[in-house]
Amino acid sequence: MSPYSYGDAWARLLDRAANPQWAGIGLARLREAGVDLSALAPEARARLVAALGSSPALASWLGRDPGLLGVLEDPEFERILGRDDYLPRLGGGVAGEPREIFYRRLRVARRRELLRIVAKEAQGAAPVEVTASEVSGLAEAALEAALAWALEELTARFGAPLTDDGGRNLPCVLGMGKLGGGELNLCSDVDLIFLFRTDRGRTAGGAEPPVDAGTFHAHLAALLADILGKVTDDGLVFRVDLDLRPEGRSGKLAQPVEAAVSYYQSWGQTWERAVLLKARPVAGDRDLGWQFLCDVEPFVFRRSLDYTTVEDFKEMKRRIDLSVSRRAGGHEDLKLGRGGIREVEFLVQTLQLIHGGKLPQVRGRATLTALVQLARAGVLETPVAEGLSRCYRFLRALEHAVQGLQFLQTHRLPRDPEERETLGRRLGFGAVKGAGHALVEALDAVREEVHAAYAALFHGASRDWEEEPGADEARALLGLEEGDPEAASRLGAAGFHDAPRALEGLRLLRRGPPRGPPSPRARRTLERIAPFLLDAASRSPDPDRALVHLGEFLAASGARASYLSLLEENPPTARLLVTLFGTSGFLSRYLVAHPELLDELVLGSAAQPVKEIAALTRELEQALEPCRDDEDRLDALRRFRNAEFLRIALNDLWGALGPEGVGRQITLVAEACLEAAYRLARERLVEKYGDPRESDGAPARFAVLGLGKLGGREIDYHSDLDVLFLYSGAGEADRPGGQALSNSEFFARLAQRIMGVLSTRTREGIAFRMDARLRPSGQAGPLVASLSGFAAYHGRGSQIWERQTLVKLRAVAGDASLGREAVAVVRRLLYAGPPAEDPRLEIARMRERIVREVGREAGGRVDVKAGPGGLVDVEFAVQALQLLHGWRGEALRSPNTLEALCALTAEGCLADEKAAALKEGYAFLRRVEAKLRILLDRPTDTLPAEALRLAELARGLGFGGDAGGRSLLEEVLRHRGRVRESFEAVFHRGDQ
């Protein structure tokens with residue numbers, strides 16, 4: 001009887017099948033087996049026809065075991081199932097169950113669940129990632145059931161596995177590859193690593209004598225592989241592959257965790273890092289597995305961007321391509337062929353290994369998840385990531401369809417026209433003839449898109465370097481040696497005027513530093529990129545300086561392969577780096593001292609001119625979160641500070657931030673670091689002494705207040721942080737059973753720890769130098785003061801200079817409410833009404849003393865800060881007027897110099913023309929000061945005496961031409977004269 005004889009409903013179902021003929025044959029076979037198809041519910045009929053029309057193998061399964069049909073009427077058919085759902089469906093472990101029955105039960109369950117999974121996907125009811133997730137969940141449940149049975153079996157033989165102290169020595173099974181990523185295909189192997197707690201121990205003894213831990217767990221791993229992978233009359237469950245274990249096939253089947261960690265740390269290779277990207281515990285002692293993955297995390301994810309992986313992946317892919325090309329039909333391989341699944345996976349894994357150490361958010365185990373994460377993190381352009389996701393889904397769906405034909409582990413598109421037509425219809429390419437052709441056209445387009453993205457990552461940099469127009473001339477220059485009669489003239493023509501130093505730079509570019517010569521890999525990379533680096537140096541603003549600093553960078557970094565690979569794979573970053581070397585001594589020294597900051601250039605972090613405190617705080621918290629101890633935290637905090645200083649300095653150099661913007665950005669970085677230091681220091685003290693409380697039992701509070709440039713949000717690159725530490729009141733920290741500590745002692749230790757967190761030198765340098773000398777009674781006073789003691793000290797009549805200092809007081813870290821209370825106390829002290837005495841006379845005396853003792857401008861020396869008419873004139877004039885008039889309104893009390901100056905002018909406290917001179921002079925001199933510190937590698941406020949250096953500074957400030965240096969000096973003196981005149985007006989001829 002034809003299945004069509006059941007009526008039109010069956011006919012419509014068959015017409016919609018990917019292959020109606022296959023579906024009809026399958027239905028007929030079931031009828032011959034005595035199955036009453038009419039008894040099936042309508043939805044079960046549709047599922048059955050869809051499944052049979054996509055896979056002849058399913059007809060064979062159902063013909064042998066019609067009972068499998070029940071899964072098509074399962075009420076949970078459409079629900080997405082995972083490991084916990086599958087465990088009861090597999091039947092669980094049965095104590096003492098015979099091996100044959102257990103093996104058969106798992107294999108029948110596997111066929112039943114695969115029928116359900118294929119039927120769902122064939123109907124279009126499950127996207128490819130759902131199918132992969134369900135197959136992975138099935139494998140995980142099967143592993144758990146098999147491990148439980150195998151443990152019981154071997155424990156009966158040898159006794160329970162025990163550690164040498166009598167604890168349970170349990171195993172953990174790690175899922176690798178697609179199982180670890182939750183993305184198995186229908187016929188995948190399951191790649192496993194079998195670990196156990198320790199090799200120090202034996203079994204307790206059973207039917208057979210005890211064995212050592214290694215022997216027991218090796219038996220266990222082998223039995224597990226047999227349970228799942230042995231082919232019986234009922235087929236298999238999953239093929240098991242243990243070849244990814246440490247040392248591969250020559251390594252032990254099961255390994256103690258300690259030995260595995262040691263192997264990876266000592267001998268692990270790039271491909272093993274890629275393997276571990278997806279690893280996760282799938283059976284046994286999962287806590288043990290997660291701890292292992294935590295221990296090997298530094299091996300997998302390097303602290304810096306790791307572009308050496310690109311070359312390793314290129315070599316792996318080259319071997320794969322060679323193997324594929326040797327096989328007949330290799331070009332039709334969906335997995336390994338050009339533009340296939342493996343190219344997407346290699347691209348994703350390479351980017352994860354490069355960036356995963358710096359960006360933990362890109363470590364997703366599943367390929368599709370990782371693509372989304374890489375796009376969100378800015379590592380991949382969103383359109384590229386979306387295109388690759390679409391292509392990957394297509395390739396995986398086609399792979400599932402191909403494997404579902406006969407449930408064979410194949411990745412090759414079949415050549416049979418009928419099978420291609422079926423696959424085309426299965427993937428939605430129409431219900432008419434030609435679906436197979438349409439499928440191939442779509443596959444070709446997908447492969448081209450994938451390969452273009454893959455080639456852009458793995459070969460794009462090479463093409464970019466090849467386009468450098470001056471590379472050939474640079475290669476010729478690289479061949480110059482000392483004593484070459486043409487050296488000086490040829491170097492001069494290329495822009496290099498200091499021939500001896502240039503020749504030394506060429507030698508470093510050719511061979512790397514003499515001490516600690518580069519590795520063979522690094523030397524090869526250096527040979528490839530040296531001509532391009534030299535060409536970039538010749539085009540920089542100062543070629544001699546660029547080449548010198550480039551040589552210093554190579555020497556300081558030891559020409560490490562990681563840095564050279566980073567430059568090779570990022571030509572724009574390499575050009576930017578060399579340009580910086582030829583422009584700024586400050587940035588050059590900074591990058592030479594901290595070559596790891598190249599990561600920030602590649603990530604684009606340095607391109608963002610402005611960040612607010614919330615973003616900076618969040619980024620610092622993320623940097624500190626994975627740290628395991630205080631030493632790591634101190635280093636992470638300094639790396640954050642260094643990266644942010646690089647970002648700010650670059651934007652300063654490019655003109656994206658003016659002096660006020662630079663000061664505000666550096667101040668916000670300092671505030672984020674202060675808050676982090678406060679939290680770290682307080683956490684340690686509370687652990688030791690408990691929470692400090694006031695006398696009434698309320699929590700004691702602590703605040704960090706900024707003074708000087710920190711208070712005014714005007715910090716520069718070399719500023720100390722002027723701070724004041726306050727606590728709320730008397731009381732004590734008292735941990736039960738521990739040492740009681742008064743609040744004054746507790747918070748003094750807290751202040752010391754905060755200063756240590758920021759100013760202690762580690763391998764990453766220091767974060768900020770701290771200065772707490774502006775506290776009540778100065779250095780003679782206690783490091784911290786209570787709020788009441790602080791108020792009483794200044795209320796008794798502090799000196800003018802102390803009140804002047806408080807003008808810039810601002811809460812910057814710690815308890816915000818206490819900080820506000822402290823600021824309110826200061827406002828009442830300073831601005832309750834007109835001052836009892838005019839502060840200007842004393843402030844003018846202090847200013848003239850600074851001019852004499854610090855400015856010291858004899859012999860033509862010009863100090864833009866401390867000299868007469870310098871920045872200090874503006875600051876002292878503003879602070880004097882604030883003390884004089886601040887009682888008149890809140891706007892006049894800003895700790896920021898320019899904000900206060902604008903407010904004083906608006907309130908009529910200063911004549912407009914005098915205010916304009918102060919504003920313009922302050923803005924200009926701050927620009928000069930900032931540029932001085934960017935171009936030179938030292939904290940200086942003095943104009944260079946050398947004509948060449950002064951001309952260089954002038955060019956950086958926009959004074960071009962041969963007379964640029966003289967023009968700059970004239971402009972500095974003009975502004976200083978106007979500032980000094982306004983200063984004199986404020987202090988000697990009244991406010992107006």
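Okay, let's start with the cysteines: search this whole structure and you find zero disulfides. Keep in mind that this is a predicted model.

As for where it sits, Cys-294 counts as partly exposed, because its relative accessibility is 32%. Cys-673 is in no disulfide either, with its nearest cysteine sulfur, again in Cys-627, 13 Å away. Cys-673 counts as buried, though, because its relative accessibility is 0%.

Now, the inside of the protein. In soluble globular proteins, nonpolar side chains tend to be buried together. Here the largest nonpolar core has 174 residues, and the members touching the most others are Phe-292, Leu-674, Phe-702, Leu-721, Phe-725 and Ile-754. Helix H31, residues 659-689, gives this core its largest share, 15 residues. There's another core apart from that one, with 78 residues, including Tyr-86 and Phe-158.

Let's zoom in on Phe-292. Which residues does Phe-292 contact, leaving aside neighbours within four places in sequence? You'll see Leu-174, Leu-195, Val-257, Ala-260, Val-261, Tyr-264 and Leu-276.

Last stop, Asp-285. You'll find it in the loop between strand S5 (280-284) and helix H12 (286-300). Is Asp-285 buried or exposed? Buried, because its relative accessible area is 16%, and the cut-off for buried is under 20%. A polar atom of the Asp-285 side chain lies 3.3 Å from the backbone nitrogen of Asp-287. Not counting residues up to four places away in sequence, Asp-285 also touches Leu-170, Pro-171, Cys-172 and Arg-197.

That's my tour, thanks.

Key:
Residues numbered from 1 in each chain as written. Predicted model: local features only at pLDDT ≥ 70, side-chain atom pairs only at ≥ 80, totals over all residues. Heavy atoms only, no water. Core = buried A, V, L, I, M, F, W, Y, C linked by side-chain atoms within 4.5 Å. Buried < 20%, exposed > 50% of the residue type's maximum accessible area, 1.4 Å probe, protein only. Helix = DSSP H or I, 4+ residues; strand = E, 2+ residues; numbered from the N terminus. Contact = heavy atoms within 4.5 Å. Polar contact = N/O pair within 3.5 Å; in protein donor to acceptor, adjacent residues only side chain to side chain. Disulfide = S-S within 2.5 Å.
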